[in-house]
Amino acid sequence: MNVNQLIRSALGDMGMKIYPNFYSGDDEEYITFSYLDERPEFWADDEPIYDGTYVRVSLWTRNNPQKYKKQIRKRLRAAGFTVTSTAELYDKEKNYVQIAVDAEIEGVVNDLSLIHI
């Protein structure tokens with residue numbers, strides 16, 4: 001399963017739309033995710049065999065975000081991610097609160113697939 005599918009599977013039943021990178025609509029609540037970094041962690045025979053993928057998952061809401069913060073982290077952990085940080089930010093222009101959760105997952109990468117070890 002690829003990382004995009006892992007994120008969508010983990011957060012898909014929260015009742016919000018999920019978009020890669022950005023969303024330009026006007027929904028009251030939605031989730032975006034983006035890759036922060038993806039790099040080989042281990043090598044064998046001069047080939048990368050084990051990668052680390054670092055992502056940011058952001059919940060955007062005009063309501064109280066606190067009910068979602070713990071839920072997002074818990075769901076990402078259950079999907080195999082390690083949550084590395086969480087921040088709460090405010091977008092004054094759009095009047096959205098952003099819960100930004102940074103996470104990483106390591107595994108054997110086969111093209112677009114990630115297989116957990």
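Two residues are in contact when heavy atoms of theirs lie within 4.5 Å of each other.

The model is predicted, so to speak of local features a pLDDT of at least 70 is needed, and side-chain atom pairs count only at pLDDT 80 or more, while totals for chains, interfaces and linings use all residues. Residues are numbered from 1 along each chain as its sequence is written, and side-chain values use heavy atoms, with hydrogens and water left out.

The pLDDT is the predictor's confidence in each residue, on a scale from 0 to 100. Its average over the protein is 87, and 91% of the residues score at least 70. Among the elements, strand S4 (residues 82–91) has the highest mean pLDDT, 95, whereas strand S6 (residues 113–115) has the lowest, 47. Over residues 111–117 the pLDDT is below 50, although this stretch has 22 contacts in the model beyond near neighbours in sequence.

The overall layout comes next. Helices (H or I, at least four residues) and strands (E, at least two) are DSSP runs, numbered from the N terminus. The protein has two helices and six strands, and from the N terminus on they follow the order α-β-β-β-α-β-β-β. The C-alpha trace spans about 50 × 25 × 20 Å along its principal axes. Among contacts between residues at least 6 apart in sequence, 52% join residues at least 24 apart.

A residue is called buried under 20% relative accessible area, exposed over 50% and partly exposed in between, with a 1.4 Å probe and protein chains only. Of the 117 residues in the protein, 38% are buried. In helix H1 (residues 3–11) the buried residues are Val 3, Leu 6, Ile 7, Ala 10 and Leu 11. They cover an arc of only 105 degrees around the axis, which puts them on the same side of H1; the arc is that of the directions from the helix axis to the C-beta atoms.

A nonpolar core is a set of buried Ala, Val, Leu, Ile, Met, Phe, Trp, Tyr and Cys residues joined through side-chain atoms within 4.5 Å. In soluble globular proteins, nonpolar side chains tend to be buried together. The largest core here has 23 residues, of which Ile 7, Leu 11, Ile 31, Val 57, Ile 72, Leu 76 and Phe 81 touch the most other members. The elements that give two or more residues to this core are H1, S2, strand S3 (47–61), helix H2 (66–78) and strand S5 (96–110), and H1 gives the most, with five residues. Apart from it lies another core, of five residues, among them Tyr 19, Tyr 23, Trp 60 and Tyr 96.

Rings of Phe, Tyr and Trp (its six-membered ring) pair if their centres lie within 6.5 Å, and planes under 30 degrees apart count as stacked, over 60 as edge-to-face and the rest as tilted. A search of the whole structure finds five aromatic pairs. In one of them, the rings of Tyr 23 and Tyr 30 have their centres 4.5 Å apart and their planes at 55 degrees, so the pair is tilted. The rings of Tyr 30 and Trp 60, with centres 6.2 Å apart and planes at 15 degrees, are therefore stacked. This pair links distant parts of the chain, since Tyr 30 is in strand S2 and Trp 60 in strand S3, 30 residues apart. Tyr 30 counts as buried because its relative accessibility is 4%.

Leaving aside neighbours within four places in sequence, Glu 29 is in contact with Met 16, Trp 60, Thr 61, Asn 63 and Tyr 68. A polar contact is a pair of N or O atoms within 3.5 Å; within protein, one must be able to donate a hydrogen and the other to accept it, and residues adjacent in sequence count only if both atoms are side-chain atoms. The side chain of Glu 29 makes such contacts with the side chains of Thr 61, at 2.8 Å, and Tyr 68, at 3.0 Å.
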